[in-house]
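Please consult the sequence and the structure shown here.

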Amino acid sequence: MGRQVERYHEAFERGREQLDLDDRRRTLGREVRNRRRAVGLTIDRAAKRAPMSPETWRKVEIGERAKAFSYAGIERVLRWPTGTIEGFIEEGRDLPDPLTTSGSYAASTPVRPLVDVDFLLNLDRPDAVKVLLIKAVRAGGDPIDAVLATDAPDPEKVAAIRTLRELQGGPEESEGTTDPPDQRARPA
């Protein structure tokens, strides 16, 4: 009788662990979707940058299991450290970028393009515009406001703002997306 009870408890614990994994995958999916939207990417654009199929990205966002290399692609796109997703799913470690208790990004969280200095320096733009972009991204907050606050000539400001909108996936990129229309809205 004792061995049968022991097996029952072992099976119960395995079932609980699987529920915990499933719950963490669903939580991960919400966090990935929130971050993707906050940076202004459609599923198609995010998947292309990963690289993976939009279907695979969508699976992660709804909480389904994915392969480790898919998680690595998502980490690259979202600029999370390598191993972040596996650490979250397997060990319950925290994900980067704290979220509000409602599970969505705080209104004060800036919508910034996911770029670094090397990326900006390699853009096909005049040097003055590149300098504006780097200062705006490093300033924190809304990079467009940072560009507008500079004393740069207006044509350079316009070029920098256009570039920021391109990097954030402006309205012209919403055509042909796989997101439903209500999910295409850009964060303010």
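Buried means under 20% relative accessible area, exposed means over 50%, and partly exposed lies in between (1.4 Å probe, protein chains only). The model is predicted: local features need pLDDT of at least 70, side-chain atom pairs count only at pLDDT 80 or more, and totals for chains, interfaces and linings use all residues. Residues are numbered from 1 along each chain as its sequence is written, and side-chain values use heavy atoms, with hydrogens and water left out.

**Salt bridges**

- A salt bridge is a side-chain nitrogen of Lys or Arg within 4 Å of a carboxyl oxygen of Asp or Glu; the whole structure holds 6 salt bridges.
- Glu166 pairs with Arg125, with the closest N and O atoms 2.7 Å apart.
- Glu166 belongs to helix α9 (residues 154–167) and Arg125 to the loop between α6 (117–121) and α7 (127–139), so this pair ties together parts 41 residues apart in sequence.
- Glu166 is partly exposed at 40% relative accessibility, and Arg125 is partly exposed at 24%.
- Arg36 and Glu61 form a salt bridge (2.5 Å, N to O), linking helix α1 (residues 2–38) to helix α3 across 25 residues.
- Arg36 is buried at 0% relative accessibility, and Glu61 is buried at 6%.

**Helix packing**

- Helices (DSSP runs of H or I, at least four residues) are numbered from the N terminus.
- The axes (lines fitted to C-alpha atoms over the stretch in contact, with angles from 0 to 180 degrees between N-to-C directions) of α3 (residues 54–61) and α4 (residues 68–78) come within 11 Å and cross at roughly 85°.
- The two helices, α3 and α4, are therefore roughly perpendicular (65 to 115 degrees).
- Contact (heavy atoms within 4.5 Å) involves residues including Trp57 of α3 and Ile74 of α4.

Definitions and conventions. Parallel < 35°, antiparallel > 145°, perpendicular 65-115°, else oblique.
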